[in-house]
Amino acid sequence: MGDGRLFEALDAEWAVVGASPRARDAFERWAMVEPALAGMESPAEAVRSCRAATPAAAAAVLGALLRHAGEPLAARAVLQAVVPALRTLAARRAGGSRQLTRQGWEAADDFDADVVEVALRRIAALAGMSPTWPAQAICEWTWMTVRAALVRSSRWGTPASLDDDVADAVASPERSGAEALALAVVDAVRAQRLAVDDARVIYATRVLGHTPAELASAEGRKVRALRAQRVRAEGRLVDAGWAPRTRMSCRPAGAGSAAAR
């Protein structure tokens, strides 16, 4: 089921499940205690609103669903809300299907399935919580975990495993600055030395290559506040043992000027 067909299957399944009578009954119960869900009639409508609303409004709705994600139906709604982002994430796989085969995935569909599995684990871990930006808390952690598996398998020539403790992965001297930083961020979060929201800002700007202005605009924040958060977060990362080989600048080549960072 390669070429994104897993995500197409999830969309088709959700078209049936998301507006079913059982889903509507459960949603009515959630909406009684979640103001962000007021005026909606089903999980399907809530998911659609997440994709069409402003970032802040979408975060409020997704956060409401996440607080009830101890229930399988709510967890499924959260997953569906982030399917577009997961589809994009899965498309980042380095080197295409041939590279995936060398790194332990038999085909692209196996990789897509692992991306979804990691996302579901993350949703389960966050169930009942209220992260400020739930979509980022799910998707960026998912990508960090998958990328760490890619780095680990590439280094040691062993099949990639998403069941291993990501914190045990160590970047070799040959790894790029971005890969080493990604692993350091995962390690610091696992050790509870770095908050997930701080890790998200570092990862989005230093590894994925978004400028602070781009991230601040997407989140409805002031650039100055986001930069200040990143400075504090990077200080905590250094305190946790990260020793950058150069000034922290892991932005992909050609992704923008130093001034934009």
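Are Phe27 and Trp30 buried or exposed? Select the two residues in this predicted model: both are buried. They sit in helix α2 (residues 21-31), 3 residues apart, or about one turn of the helix. A search of the whole structure finds 1 aromatic pair. Phe27 and Trp30 form that pair edge-to-face, with 6.2 Å from centre to centre and 70° between the planes.

Next, turn to the salt bridges, of which a search of the whole structure finds 8. Three of them follow.

Select Glu13 and Arg76. Their closest N and O atoms are 2.8 Å apart. This pair links distant parts of the chain, with Glu13 in helix α1 (residues 5-17) and Arg76 in helix α5 (residues 72-81), 63 residues apart. Glu13 is partly exposed at 39% relative accessibility, whereas Arg76 is buried at 13%.

Move to helix α8 (residues 108-126), where Arg121 and Glu117 are 4 residues apart, about one helical turn. Their side chains meet in a salt bridge of 2.7 Å, N to O. Arg121 is partly exposed at 34% relative accessibility, and Glu117 is partly exposed at 35%.

Now select Asp198 and Arg236, a salt bridge whose closest N and O atoms are 2.9 Å apart. Asp198 lies in helix α11 (residues 196-207) and Arg236 in helix α13, 38 residues apart, so this pair links distant parts of the chain. Asp198 is buried at 10% relative accessibility; Arg236 is partly exposed at 37%.

Stay on helix α13 (residues 223-239) and select Asp239. Asp239 is exposed, with a relative accessible area of 60%.

Definitions and conventions
Residues are numbered from 1 along each chain as its sequence is written. This is a predicted model: local features need pLDDT of at least 70, side-chain atom pairs count only at pLDDT 80 or more; totals for chains, interfaces and linings use all residues. Side-chain values use heavy atoms; hydrogens and water are left out. Rings of Phe, Tyr and Trp (its six-membered ring) pair if their centres lie within 6.5 Å; planes under 30 degrees apart count as stacked, over 60 as edge-to-face and the rest as tilted. Helices (H or I, at least four residues) and strands (E, at least two) are DSSP runs, numbered from the N terminus. Buried means under 20% relative accessible area, exposed over 50%, partly exposed in between (1.4 Å probe, protein chains only). A salt bridge is a side-chain nitrogen of Lys or Arg within 4 Å of a carboxyl oxygen of Asp or Glu.
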